[in-house]
Amino acid sequence: MNPSPIKRRALFVSYDGSCFFGWQKQADGIATVQSALEAALSELAQERISVVTAGRTDTGVHATAQVVHFDSAARRPDQAWVRGVNAHLPDGIAVLHAQAVAPDFHARFDACARRYRYLLQSAPVRSPLLVGRAGWTHYPLDVAAMRQAAALLLGEHDFSSFRAAECQAKSPVKTMYALAFSGCPSLIKIDFHANAFLHHMVRNIVGALVYVGCGRLTLDAFAEMFAAQSRLTAPPTFMADGLYFTGVDYPEQWGIRQPEMPEWL
C-alpha cells in the first residue's frame, strides 16, 4: 500500500497567554503554546508534528486568531483537526478553524500584515475581573491627545524607540497601516495594523501613549522621543495583560479565511 501523501494545513488558534510562558517551545519543557499544540496534533495524527507560526508572542500575551501551518500524512477531515486536537489541549488554548492549504503556503513568510489589540483600563482601582485580561493605569487619560500622538506613527518609520533590546528583527523599519482607538474612557481598545512588529513594539507604544494621555509626556516630547530612535529616551514597556494577537493578513491567492473578532473583546 502506498503511503498517504503529506498535506499542509493551516490552523487558527486562540489562547489565554496567562496560562503559558509565551509561544515558543523551550528546551526545559515549560508550558508554552507551541509545545501544547504540537503535543495535541501529534496525538491526533499519531506522528510527530511541528508547527510554524505567523508570529511569536511573549508570556501573558493572548491570541484570538494566531495562524500556524503544519505538514502531516494523517488522513483526517478538517473538523477532526479542530475537535480532535481540542480534546487533547489544555483549557487555555483552542483551535478555531482548520483548512487545507497549498504545499508552498508559509504561515510566517507569506503574511503581509499582522494585527494586535490592546485593551486598556483607566480607573482609580484595577478591576479584579480584568486582571490578566486588560492593562491598567490609575491615571485618567486624554484619549484625544493619545490619538494625536498615535497619528505620528502611521506610515513607514524606524521604530527603534519602541524596540526591545533583545529584538532579533533584521530592520527596525516597519509600516504602520492603522492605529485606531475605540471603546470608552474607562476601557480603551487600541488596534494596531502593520506589515510587521518588533519585539515588545506594541507594549512600548502603549506605554508611551499612556504617558501622553496622563500628561507626563507632551506631544512634542513624544515626537522627539520617536525621532531619537532609542529606547533610552522612551517610557517603560507596558504590561502584557491587555495585549491580543488578533489576526494575520495574507494575499488572496492562499484562500485563508480570517475569523471574526470575538464579540466579547
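**Ground rules**

Residues are numbered from 1 along each chain as its sequence is written, and side-chain values use heavy atoms, with hydrogens and water left out. Because the model is predicted, local features need a pLDDT of at least 70 and side-chain atom pairs count only at pLDDT 80 or more, while totals for chains, interfaces and linings use all residues.

**Confidence and overall build**

Let's start with pLDDT, the predictor's confidence in each residue, from 0 to 100. The chain averages 94, and 99% of the residues score at least 70. Confidence is lowest in helix α2 (residues 78-86), with a mean of 94, and highest in helix α3 (residues 143-151), at 98. Where pLDDT is low, predicted coordinates should not be read in detail.

The chain has 5 helices and 10 strands. These elements are DSSP runs numbered from the N terminus: helices are H or I with at least four residues, strands are E with at least two.

How does the radius of gyration of the chain agree with that of a compact globule? A compact globule of 265 residues would have a radius near 18 Å, and the chain has 20 Å, which agrees. The radius is taken over C-alpha atoms, and the globule rule is 2.2 Å times the number of residues to the power 0.38. Along its principal axes, the C-alpha trace spans about 70 × 40 × 35 Å.

Buried residues make up 52% of the 265 residues. Here buried means under 20% relative accessible area, exposed means over 50%, and partly exposed lies in between (1.4 Å probe, protein chains only). As for contacts (heavy atoms within 4.5 Å), among those between residues at least 6 apart in sequence, 71% join residues at least 24 apart.

**Two pockets**

Rolling a probe the size of a water molecule over the atoms shows where empty space is left. The search uses a 1 Å grid over the protein atoms alone; a pocket is an open set of points where a 1.4 Å probe fits, with protein on both sides within 12 Å along at least five of seven lines, and lining residues have an atom within 4 Å of a point. Grid points are joined across faces, edges and corners, and a volume is the space filled by probe spheres set on the points.

The largest pocket has a volume of about 1,200 Å³. Of the 39 residues that line it, G55, R56, R108, F197 and H199 are the closest to its centre. Two or more lining residues come from each of β2 (51-53), β5 (113-122), α4 (201-213) and β10 (243-249). By class, this lining holds 18 nonpolar, 13 polar and 8 charged residues. For the classes, Ala, Val, Leu, Ile, Met, Phe, Trp, Tyr, Cys and Pro count as nonpolar, Asp, Glu, Lys and Arg as charged, and the others, Gly among them, as polar.

The second largest pocket holds about 190 Å³ of space. Its lining consists of R115, Y116, A178, D191, F192, H193, T246, Q258, P259 and M261. Which strand gives the largest share of this lining? That is β9, with 3 residues; β5 and β9 (187-194) each supply at least two. The lining has 5 nonpolar, 3 polar and 2 charged residues.

**Residues worth a visit**

Most residues other than glycine have a negative phi. Q46, in the loop between α1 (33-45) and β2, has a positive phi of about 60°. Q229, in the loop between α5 (219-228) and β10, also has a positive value, near 55°.

| Residue | Relative accessibility | Class |
|---|---|---|
| Q46 | 62% | exposed |
| Q229 | 41% | partly exposed |
| A234 | 17% | buried |
| V143 | 18% | buried |
| K7 | 47% | partly exposed |

A234 is found in the loop between α5 and β10. Leaving out residues up to four places away in sequence, A234 touches S161 and M225. A234 and I205 are 29 residues apart along the chain, with C-alpha atoms separated by 9.2 Å.

V143 sits in helix α3 and, with residues up to four places away not counted, touches F181 and I188. From V143 to S4, the C-alpha distance is 56 Å, across 139 residues of sequence.

K7 belongs to strand β1 (residues 7-15). Setting aside neighbours within four places in sequence, K7 is in contact with F70, D71 and S72. The C-alpha atoms of K7 and N195 are 28 Å apart.
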